[in-house]
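Hi there,

Here is the structure I promised to pass on to you.

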Amino acid sequence: MTVSAADIETAARDAALAVLAAAPYALAGAARAAIAEADRQMAALATAPEVAEAVAGAACRAGCGWCCHQVVGITAAEEDLVAEAVRALPGDARRRVRTRQNAAEARLRTLPVERWQAARVPCPLLDDGRCAIHPDRPLPCRAVLSADEAACRAWHAGEDGARIPLVAAQRRAYSAAQAGLAQALAATGIPPGPVSLTEALSLALPG
Ligand code: SF4
């Protein structure tokens, strides 16, 4: 099945707009709607045998967090989604996120913005190799589905030319959905972002 990135963007935008029309401050709900739309679109894309094969052969598994060592750009709606999920964590898990957030922020503060990605700073939500808010992770995290864990490890180690070998359909679906979500926010007068996930966490967990 052929679904273009523009189609996905429009579908995610409309899904988010429908939520915001009913409840203008339901930003986390708008993010959930865009994610659900991306899931639907990805399921449609995966009816193509080559996409189904790529998804089935993906290397991603629980406990593998090589790709979670980068700065993730999120929209204002995903910021609310993440904040809700983090605030719902048990107290000790929340404290661990806060400690890692402080460490990540301190590290990033020493670097010019253009060197943030290469620094491989772990996401503060990476808890013993697992995402602490996996069901509510933002769209850029969902866009990452790797074909080869060894390549991810090489990317993490900073080896020359190494990159995370993404499943193209997955990246297209969730990246386009984030673009659609940003459009919906902008259309309703909400500055869409992006903000970095690490910065967003400092607002979600003040003090
Ligand atoms: S939010 Fe979760 S999935 Fe995304 S980078 Fe952080 S730990 Fe990884």
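Please keep in mind that the model is predicted. After α8 comes G189, with a positive phi near 85 degrees.

Next, the packing of α8. Two packed helices are described by the angle between their axes and the distance between the axes. Helix α2 (residues 27-45) and helix α8 (residues 168-187) have axes that come within 9 Å and cross at roughly 150 degrees. With angles over 145 degrees counted as roughly antiparallel, α2 and α8 therefore run roughly antiparallel to each other. Their crossing is right-handed. On the α2 side the contact includes A30, A34, A38 and M42, while the α8 side includes A173, A177, L181 and A184. Sorted by type, the residues of this contact are 13 nonpolar, three polar and one charged.

The other spot I looked at is C67, which sits in the loop between α3 (49-56) and β1 (73-74). C67 has 20 other C-beta atoms within 10 Å, so it counts as buried. Leaving aside neighbours within four places in sequence, C67 is in contact with V144, S146, C152 and I164. As for C123, 56 residues away from C67 along the chain, the C-alpha atoms of the two are separated by 9.4 Å.

Best wishes

How values were computed
Residues numbered from 1 in each chain as written. Predicted model: local features only at pLDDT ≥ 70, side-chain atom pairs only at ≥ 80, totals over all residues. Axes fitted to C-alpha atoms, helices over the stretch in contact; angles between N-to-C directions. Helix = DSSP H or I, 4+ residues; strand = E, 2+ residues; numbered from the N terminus. Parallel < 35°, antiparallel > 145°, perpendicular 65-115°, else oblique. Left-handed = near helix turned anticlockwise from the far one by under 90°. Contact = placed C-beta atoms within 7 Å. Nonpolar A, V, L, I, M, F, W, Y, C, P; charged D, E, K, R; others polar. Buried ≥ 20, exposed ≤ 12 C-beta atoms within 10 Å, placed from the backbone.
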